[in-house]
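Please have the structure open beside them as you read.

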Amino acid sequence: MTVRMSKAIIEVADAKVSFAAVRALAGVTLAIRPGECVGLVGHNGAGKSTIVSVINGGLTPQQGSISGDGEPLARYGINAARARGIRCVFQELSLCPNLTVVENTRILHRQLGGLGWRRRARLVIERSLDAVFPGHGIESDRTVGDLSIAERQMVEIAMAFSDAGIAPRLIILDEPTSSLDASLAEQMLAHVRRFVASGGAVILISHILHEILATASRIVVMKDGRIVAERPADAWTEHGLVEAMGSVVKGEAHRRTLRDLAKEPVVIAQTGRGLPLQAKRGEIVGLAGLAGHGQTRMLMKLHAASTADWLPRRDPAVTFVAGDRRLNGVFELWSVLKNFSIASLHDLALRGVVDAGAEAERAGEWKRRIDIRTPDMANRMLSLSGGNQQKVLFARSLATRAPVVLMDDPMRGVDVGTKQEVYEIIRQEAQRGRTFVWYSTEMEEVCLCDRVYVFREGEIVAELAGDAVSEENILAASFKGEAA
Amino acid sequence: MKLTPSADAIRLAIPALSLAVLLAAVFWLQPRAMSYIGLNLLFNLAVPIALATIAQMLIMSVNDLDLAMGTFVSFVACVAATFLRDEPLVGILILAGGVCIYAVLGVVIHLRGLPSIVVSLGMSFVWAGLAVLLLPAPGGQAPEWVRSLMTMKPPVAPMAIVASVVIAVVAHLIVMRSSLGVLIRGIGGNQRSVERAGWSVLAARAAAYGLAGVFAVLAGIALVGLTTSADANIALRYTLLSIAGVILGGGEFIGGRVSPIGAVIGALTLTLAGSFLSFLRISPDWQIGAQGAILIIVLALRLLLNRLENREKRR
């Protein structure tokens, strides 16, 4: 075949990227040649999104080189990538909802300007929509915000395949079919095959394994920021992919001891689409699955169901540990002490006035218990390291009287030492009868749980308990196979 | 096929409807207003307000807010009544400088990630101070050409109506039809995707602010043309009036959802609300409160329609 002879459209060599304490890419080498569709699979934190950002120019690796068409590219960025015909469809929708389809086309294609651009943009997007989704029925002068989610995704995909001067050569599709029904997904995949057959290249990321197996010519499996396996698609099976995504060696050391909770009362329950969720007293319940498949929404629902809308309750039923510290966790300008005590001011106040002595005492007690490393609790919150900030957020929740703790992937970007300490605290608190509902994107943490619910596409698709809580089972449930 | 009107049409229908209702009420109370001169008197103060509203709308379309609009328009009015008349060249230079400062503010706000409310609040004191330096006491005189432009008597419709239509059409062409307008609204809608497409958000934001400066300068000049003389505090109300006009006209504080035609209608409605209350013989003490009540009613109406629309979509 001529494929092997042609030069790679883009080649990333030994790319390394880290964000603070987290290593996102640990030396990845990947070349994409014309006429191939590369399937990219891996669990949360494997580095899929990071390598995609490197390829589309949104992120410069701290180490490693990028070359295109055989020439090394010294200054590579979004504009250089676009000029080379590299396009990306992101997992979260990235159109401007207040603009029409035509106007969004204008934003994407900078070279469309000049008088009469509306007519040209309309032609470009309608031609592409007709090619990818024949019979789509989307009028191009409608505002994107008025379209349904599936229609928006169709527009976005068609936008990536559209040609207005610079022909697309490499298209990165990150979970492109997540809001499309089966027939639309098949239309899109058929177009991917046509595009590849005519010499284009595609990187396909999907949690639906049979899509990847049927469409890709080569499948790359990532784990912990590395490429762990790379083979032609016909050499893979679904089972083989799931196995490759898991780790080979698995320490049983930090595995929890099995506890008999059958007699404990149920403290929180929620039914929705898929299997119902419930948690018993003293239980650690894990929410697993790929990120963004409805776990956070479930936590929000649990929280909303047990808190009052208007007046605070005397006895809080649930407490929440935020994952995105900056967004909904930390009060940046406050001291460590104030950040800690905000959730339990009710208990520390006497007739509406906070008892400073009691506040300091309680804070000192928790500082000792979970070892918050700061000389003085009156220091600014931001003087702490990320891991210590997270410990303060834990202490904030644990210091309340709430029997149920909801955790929204709280260990993101926390160093290993702190993680181990927090795991220990969680175990102790669970022994004392606290219930934890823990959404985590890290397999190691999910395996600490007594029971695990696996989410896929917004619903609970599997409930694993006891010895069934294993990486293999969770991976198998997170990725959709042929049978599903 | 759907036959329901688009969301944008509904958005525009409410301000248009409220204007029509208010106008009908005014005509009913005071039939003599239903004439060429009557309409001009009702609406001529709406022209500068409409221009300021368009300026505010440009800033709101990039998710910012300008709290210096009123003092800047006052400052422009003072410049127009002094320098622009006595030394036109210096006057033009000063006004061009004002527009440039607006563009620079856009750059600073973008580069430093500052809240526009804080920056513009600070600038409002600067403009107010400059205006007082120019005209410590009310005075000055409008340039002849501005005066004659604003008091022109075109056939068929009075000047106030003609000017409003011209403003609406020009603003619509710039904001809704041109590439630059799309880019500016795109920043309000989803700044990240505009960036990912390789545009300079910095330049676009500066352009939005610069354009807003141009419309605000026009507002100040138009105001002086109507009042013949200026005062450092002449347009302080314009800050809130312009924000209210944008919202009344179907715009939103964030998300880049704006409508220039709606904004002009919003400005007309606000002006008319004042006259309506005078015709009702409501004492001036109560007028501002009553004006607020009208605003609340119209906005509540829109909230209601939005909710209906969302329910429709969910189905």
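Between which strand and which helix of chain A does the loop holding A:Asp409 run? The loop joins strand S17 (404–408) to helix H15 (416–431) of chain A; helices (H or I, at least four residues) and strands (E, at least two) are DSSP runs, numbered from the N terminus.

1. A word on conventions. This is a predicted model, in which local features need pLDDT of at least 70 and side-chain atom pairs count only at pLDDT 80 or more, while totals for chains, interfaces and linings use all residues. Residues are numbered from 1 along each chain as its sequence is written, and chains are lettered from A and ligands numbered from 1 in the order in which they are written.

2. Two aspartates with positive phi. A:Asp409 has a phi near 45°, positive in a residue other than glycine. A:Asp224 also has a positive phi, near 50°, and sits in the loop between strand S9 (218–223) and strand S10 (226–232) of chain A. Most residues other than glycine have a negative phi.

3. Their surroundings. A:Asp409 is buried because 21 other C-beta atoms lie within 10 Å. A:Asp224 has 15 C-beta neighbours inside 10 Å, so A:Asp224 counts as partly exposed. The cut-offs are 20 or more other C-beta atoms within 10 Å for buried, 12 or fewer for exposed, and anything in between for partly exposed, with C-beta atoms placed from the backbone.

4. A:His210. This residue lies in helix H7 (residues 209–215) of chain A and is partly exposed, with 15 other C-beta atoms within 10 Å. A:Glu238 is 28 residues away from A:His210 along the chain, yet their C-alpha atoms are separated by 7.2 Å.

5. Domains of chain A. The assignment, automatic or from a database, divides chain A into domain 1 (10–85 + 169–245) and domain 2 (266–478). Their centres, taken over C-alpha atoms, are 34 Å apart. In contact are 10 residues of domain 1 of chain A and 12 residues of domain 2 of chain A, where contact requires C-beta atoms, placed from the backbone, within 7 Å. The domain 1 side of this contact has six nonpolar, four polar and no charged residues. For these classes, Ala, Val, Leu, Ile, Met, Phe, Trp, Tyr, Cys and Pro count as nonpolar, Asp, Glu, Lys and Arg as charged, and the others, Gly among them, as polar.

6. The interface between chains. Chain B brings 20 residues into contact with 18 residues of chain A. Helix H1 (7–29) and helix H10 (179–196) of chain B each supply at least two residues of the chain B side, and H10(B) gives the most, with 12 residues. By class, that side has six nonpolar, nine polar and five charged residues.

7. A helix pair in chain B. Helix H2 (residues 36–43) and helix H9 (residues 159–177) of chain B have axes that come within 7 Å and cross at roughly 55°. Axes are lines fitted to C-alpha atoms over the stretch in contact, and angles run from 0 to 180 degrees between N-to-C directions. H2(B) is therefore oblique to H9(B); angles under 35 degrees count as roughly parallel, over 145 as roughly antiparallel, 65 to 115 as roughly perpendicular and the rest as oblique. B:Leu39, B:Asn40 and B:Phe43 of H2(B) meet B:Met159, B:Ala160, B:Ile161 and B:Ser164 of H9(B). These residues divide into five nonpolar, two polar and no charged.

Note on methods
Two residues are in contact if their C-beta atoms, placed from the backbone, lie within 7 Å.
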